[in-house]
Amino acid sequence: MYKRVLLKLSGEVLSGEGGRGFDEASVDYLLEEILPVIRTGTQLAIVIGAGNIVRGRELRNLRNSRADELGMLGTVMNAVYLKEVLSGAGVKAVAVSSIVKLPSLDDHKYDRIEKSLESGEVVVFGGGTYLPFFTTDTAAAVRAVEIGSDVIIKGTKVDGVYDKDPKKNDDAAKIDRITFASAIENNIEVMDREAFSICQRYAVPVIVIDFFKKGNLLNAIMGEKIGTLVIPD
């Protein structure tokens with residue numbers, strides 16, 4: 001069982017696939033997956049994307065840096081929303097970001113974050129890396145290193161890593177275990193290169209799971225062979 005976990009989720013977990021905004025059924029499912037994890041005593045931090053609000057790459061009339069800023073603000077909105085949803089379900093949670101000041105946000109301070117995790121509070125990070133040109137995958141890798149996470153669990157729509165896109169190729173083969181170097185060399189696109197490089201450098205393993213299969217998150221945290229394990233060389 002992993003003691004401290006960084007969970008990377010897309011914004012679509014709040015809206016449903018392809019949706020925008022917040023969908024009650026999707027949020028209920030998210031809670032159903034997270035609550036059993038909290039009950040185990042696992043220290044949980046979450047990095048969430050903003051695909052349900054805005055995707056910077058879709059804003060073609062803006063400079064990339066400005067589009068990324070809007071994406072970062074979207075992740076802050078999701079962090080505040082997720083904190084409130086968790087709190088409403090009886091889970092102590094804090095939303096953390098340093099790109100904006102809001103009464104419901106905590107500043108990104110290491111000591112405060114550490115105390116929150118040790119006391120059983122879920123820490124939800126908003127704002128990505130706080131820099132343009134970097135994805136929330138990279139933010140997840142950075143935050144995992146900052147908090148000393150045992151593992152990053154990336155919740156996706158597929159049950160792990162494949163040698164090619166399983167939605168486009170019937171002969172795609174699932175990979176149960178792979179190194180970061182091999183993933184980079186073979187252009188495995190489940191996370192970006194910057195994220196993989198950080199995880200490789202600081203020896204943080206990544207488990208890629210189908211988040212939308214009930215129980216997968218808990219099973220992965222309990223050490224069962226779920227999805228794909230990506231490890232340092």
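What follows is a quick chat about salt bridges, a pocket, a surface patch and some loop residues.

Me: What should I know about the model before we start?

Reply: This is a predicted model, so local features need pLDDT of at least 70, side-chain atom pairs count only at pLDDT 80 or more, and totals for chains, interfaces and linings use all residues. Residues are numbered from 1 along each chain as its sequence is written, and side-chain values use heavy atoms, with hydrogens and water left out.

Me: How many salt bridges are there?

Reply: The count is twelve salt bridges. A salt bridge here is a side-chain nitrogen of Lys or Arg within 4 Å of a carboxyl oxygen of Asp or Glu. Side chains of opposite charge can pair when their charged atoms come close.

Me: Which residues are linked in a network of salt bridges?

Reply: Lys8, Asp137 and Lys154. Asp137 meets Lys8 at 3.6 Å, N to O. Asp137 lies in helix α5 (residues 136-147) and Lys8 in strand β1 (residues 4-9), so this pair ties together parts that are 129 residues apart in sequence. Helices (H or I, at least four residues) and strands (E, at least two) are DSSP runs, numbered from the N terminus.

Me: And what is the distance between Asp137 and Lys154?

Reply: Their closest N and O atoms are 3.0 Å apart. This pair also links distant parts of the chain, with Lys154 in strand β6 (residues 151-156) and Asp137 in helix α5, 17 residues apart.

Me: Asp137 and Lys8: buried or exposed?

Reply: Both Asp137 and Lys8 are buried. Lys154 is buried as well. Buried means under 20% relative accessible area, exposed over 50%, and partly exposed in between, with a 1.4 Å probe and protein chains only.

Me: What about Arg112, which residue does it meet in a salt bridge?

Reply: Glu121, at 3.5 Å, N to O. Arg112 has 35% relative accessibility, so it counts as partly exposed. Glu121 is at 15%, so it counts as buried.

Me: Switching topic. How much space lies in the second largest pocket?

Reply: About 250 Å³. On a 1 Å grid over the protein atoms alone, a pocket is an open set of points where a 1.4 Å probe fits, with protein on both sides within 12 Å along at least five of seven lines. Grid points are joined across faces, edges and corners, and the volume is the space filled by probe spheres set on the points.

Me: Which residues lie nearest its centre?

Reply: Asp176, Glu224, Lys225, Ile226 and Leu229, out of 13 residues that line the second largest pocket. Lining residues have an atom within 4 Å of a point. The lining divides into five nonpolar, three polar and five charged residues. Ala, Val, Leu, Ile, Met, Phe, Trp, Tyr, Cys and Pro count as nonpolar, Asp, Glu, Lys and Arg as charged, and the others, Gly among them, as polar.

Me: Where is Gly227?

Reply: Gly227 sits in the loop between α8 (216-221) and β11 (228-231). Its relative accessible area is 16%, so Gly227 is buried. Gly227 and Ile207 are 20 residues apart in sequence and 6.7 Å apart in space, C-alpha to C-alpha.

Me: Now the surface. Which residues form a nonpolar patch?

Reply: Leu62, Leu70, Leu73 and Ile99, with about 280 Å² of accessible area together. Patches take residues with over 30% relative accessible area and no salt bridge; like charges are joined within 9 Å, and nonpolar side chains (Val, Leu, Ile, Met, Phe, Trp, Tyr) within 5 Å. Areas come from the Shrake-Rupley method with a 1.4 Å probe, and for residues only the protein chains shown count as cover. Leu70 is in helix α3 (residues 64-88). Leu70 is partly exposed, at 36%.

Me: Last one, backbone. What is phi of Tyr130?

Reply: Near 75°, a positive value in a residue other than glycine. Tyr130 lies in the loop between β5 and α5. Tyr130 is partly exposed, with a relative accessible area of 21%. Phe133 also has phi near 75°. Phe133 is found in the loop between β5 (122-125) and α5, and at 57% relative accessibility Phe133 counts as exposed.
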